[in-house]
Amino acid sequence: MVQNAKTGTMIETPEREVAVINQTFCDMFDIPGPPHQYVGLKSNQLFLSHAPMLKDPARFLKTVESTVYSKESIVDEEITFINGKIYARDYIPIYEGHVYIGHYWEYRDITEKKKAECDLRKANKKLEMLSMKDGLTGLNNRRSLDKQLEIEWEYAQKEKEPLSFLLFDIDYFKAYNDTYGHIQGDECLKEVANIAKSVVFEESAFAARYGGEEFGILLPRANQYEAIKMAEAIRQQVEHRGIIHQASDVFKCITISVGIMTVVPSENIPPISIVHGADQALYEAKRTGRNRISVYSHHKEADSNV
């Protein structure tokens, strides 16, 4: 049974002499057959002569010695060879009654299994990344923004640094869709997203499509002045792009309105408060004429129209 097994098997005596070894074991370690010629040979000599096959021979031999010394069973220990093969190794100390009579080693080729697991992890990671992206604009989506907000909020709270959030939307976008159609509306969204990408050059900034025609930009370590400067740069770029919008009551080209909130996070306020504050400021920017920036104030709902 051992000689015909598809697993590499070797049984040693208590003195570490080979008692049984099969062809599969020899093939795995590139040991020339036939296997029976190695019976009676010290197993460590067998391993030493073929150690260069191993990715980490010193670790392999040390592990073998410590395993034999401890006489504790091991299951599914992974061993990697330089040829890319990956084997799972089992070790079982053999007893007859209470008398210790030897060691049992078994190696199974799990290369394909590990490759399949690796491919699955890559596929799952890709799916996770896709689930965090907006399919139309290529920006991060609201889900990823919410997660990033929690991370940046915790960091800013710990470091006592400011955190700013910009929330902006396209003015009279429903009228744009009604006038030019949804396909053109999608192109407009992509164009605005591209403008935001080009302006938001800071590595730490996090831009996302928040939903519909709304976009959000998280600016770690940015004070109110810096947030206003970034918002104005985006607003100007959108206006200067000159995307025709005859149905707009503000300007005959696409424009945006922006709400800003800047805060130094603390335990007393939840992360979502920065979004709510920027949303209130955005409402104020739209209420007072659109194509402008409004900054949230703790004393008033929204003021400082720019």
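Predicted model: local features only at pLDDT ≥ 70, side-chain atom pairs only at ≥ 80, totals over all residues.
Q: Which residue does Glu65 form a salt bridge with?
A: Glu65 pairs with Arg16, and their closest N and O atoms are 3.4 Å apart. A salt bridge here means a side-chain nitrogen of Lys or Arg within 4 Å of a carboxyl oxygen of Asp or Glu.

Q: Where do Glu65 and Arg16 lie?
A: Glu65 is in helix H3 (residues 57–70), while Arg16 is in the loop between strand E1 (8–12) and strand E2 (18–21), so the pair ties together parts that are 49 residues apart in sequence. Helices (H or I, at least four residues) and strands (E, at least two) are DSSP runs, numbered from the N terminus.

Q: Why can side chains pair up at all?
A: Side chains of opposite charge can pair when their charged atoms come close.

Q: How many salt bridges does the count come to?
A: The count is 18 salt bridges.

Q: What does Lys286 pair with?
A: Lys286 forms a salt bridge with Asp169, with the closest N and O atoms 2.9 Å apart. This pair links distant parts of the chain: Lys286 is in helix H9 (residues 272–287) and Asp169 is in strand E6 (residues 163–170), 117 residues apart.

Q: And is Asp169 buried or exposed?
A: Asp169 is buried, with a relative accessible area of 3%.

Q: What about Lys85, which residue does its side chain meet?
A: Lys85 meets Asp109 in a salt bridge (3.3 Å, N to O). Lys85 sits in the loop between strand E3 (74–80) and strand E4 (86–96), and Asp109 in strand E5 (residues 99–109), 24 residues apart. Lys85 is partly exposed at 32% relative accessibility, and Asp109 is partly exposed at 40%.

Q: Which residues are linked in a network?
A: Asp76, Asp90, Glu106 and Arg108 are linked in a network of salt bridges.

Q: New topic: where's Lys174?
A: Lys174 is in helix H6 (residues 173–180), and it's exposed, with a relative accessible area of 60%.

Methods: Residues numbered from 1 in each chain as written. Heavy atoms only, no water. Buried < 20%, exposed > 50% of the residue type's maximum accessible area, 1.4 Å probe, protein only.
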